[in-house]
Amino acid sequence: MKEASNRIDVLFAIVLLVVLAACENKATNVVKPAATAESSSAEDLARRTIERRAVEAVIWGMPAVNYDLIY
């Protein structure tokens, strides 16, 4: 039982770190005008990619954590 609890703690910590790393935003969220919304900078695209991957990691990680809890 203790081994399963440690595994759950490790999975939770990994998911939490990924989410926190992706959500760290140094720039302010400003709504861009429609004319410049399509011309995103490389930094903006990279930030959005990391955030999207963090959300996907949480979505895909939740069933694994829940499976360990049920098991």
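Arginine 47 and aspartate 44 both belong to helix H3, where 3 residues, about one turn of the helix, separate them. Helices here are DSSP runs (H or I, at least four residues), as strands are (E, at least two), and both are numbered from the N terminus. The two side chains form a salt bridge whose closest N and O atoms are 2.6 Å apart; the term denotes a side-chain nitrogen of Lys or Arg within 4 Å of a carboxyl oxygen of Asp or Glu. Side chains of opposite charge can pair when their charged atoms come close.

The model is predicted: local features need pLDDT of at least 70, side-chain atom pairs count only at pLDDT 80 or more, and totals for chains, interfaces and linings use all residues. Residues are numbered from 1 along each chain as its sequence is written, and side-chain values use heavy atoms, with hydrogens and water left out.

Aspartate 44 also meets arginine 48 in a salt bridge, at 3.7 Å from N to O. Arginine 48 and aspartate 44 are 4 residues apart in helix H3, and therefore about one helical turn separates them. Arginine 47, in turn, has a salt bridge with glutamate 51, at 3.0 Å from N to O. Glutamate 51 and arginine 47 are likewise separated by about one helical turn, because they stand 4 residues apart in helix H3. The count of salt bridges comes to 3, and a network of them links Asp44, Arg47, Arg48 and Glu51.

Aspartate 44 counts as buried because its relative accessibility is 13%, where buried means under 20% relative accessible area, exposed over 50%, and partly exposed in between (1.4 Å probe, protein chains only). Arginine 47 is partly exposed at 26%, glutamate 51 is partly exposed at 25%, and arginine 48 is partly exposed at 40%.

Helix H3 also contains threonine 49. A polar atom of the side chain of threonine 49 lies 2.8 Å from the backbone oxygen of leucine 45. With a relative accessible area of 22%, threonine 49 is partly exposed.

Another surface feature involves helix H1 (residues 2-23), in which valine 18 is found. Val10, Ile14 and Val18 form a nonpolar patch on the surface, with about 240 Å² of accessible area together. Such patches are made of residues with over 30% relative accessible area and no salt bridge; nonpolar side chains (Val, Leu, Ile, Met, Phe, Trp, Tyr) are joined within 5 Å, and like charges within 9 Å. Valine 18 itself is partly exposed, with a relative accessible area of 34%.

Taken as a whole, the protein has 3 helices and 0 strands, and its pattern along the sequence is α-α-α. Buried residues make up 10% of its 71 residues. The protein exposes about 6,200 Å², of which carbon and sulfur atoms supply 66%; accessible areas come from the Shrake-Rupley method with a 1.4 Å probe, and for residues only the protein chains shown count as cover.

The confidence of the prediction remains to be considered. The mean pLDDT (the predictor's confidence in each residue, from 0 to 100) is 74 for the protein, and 63% of its residues reach 70 or more. Among the elements, helix H3 (residues 42-70) has the highest mean pLDDT, 88, whereas helix H2 (residues 34-37) has the lowest, 52. Where pLDDT is low, the predicted coordinates should not be read in detail.

How values were computed:
A polar contact is a pair of N or O atoms within 3.5 Å; within protein, one must be able to donate a hydrogen and the other to accept it, and residues adjacent in sequence count only if both atoms are side-chain atoms.
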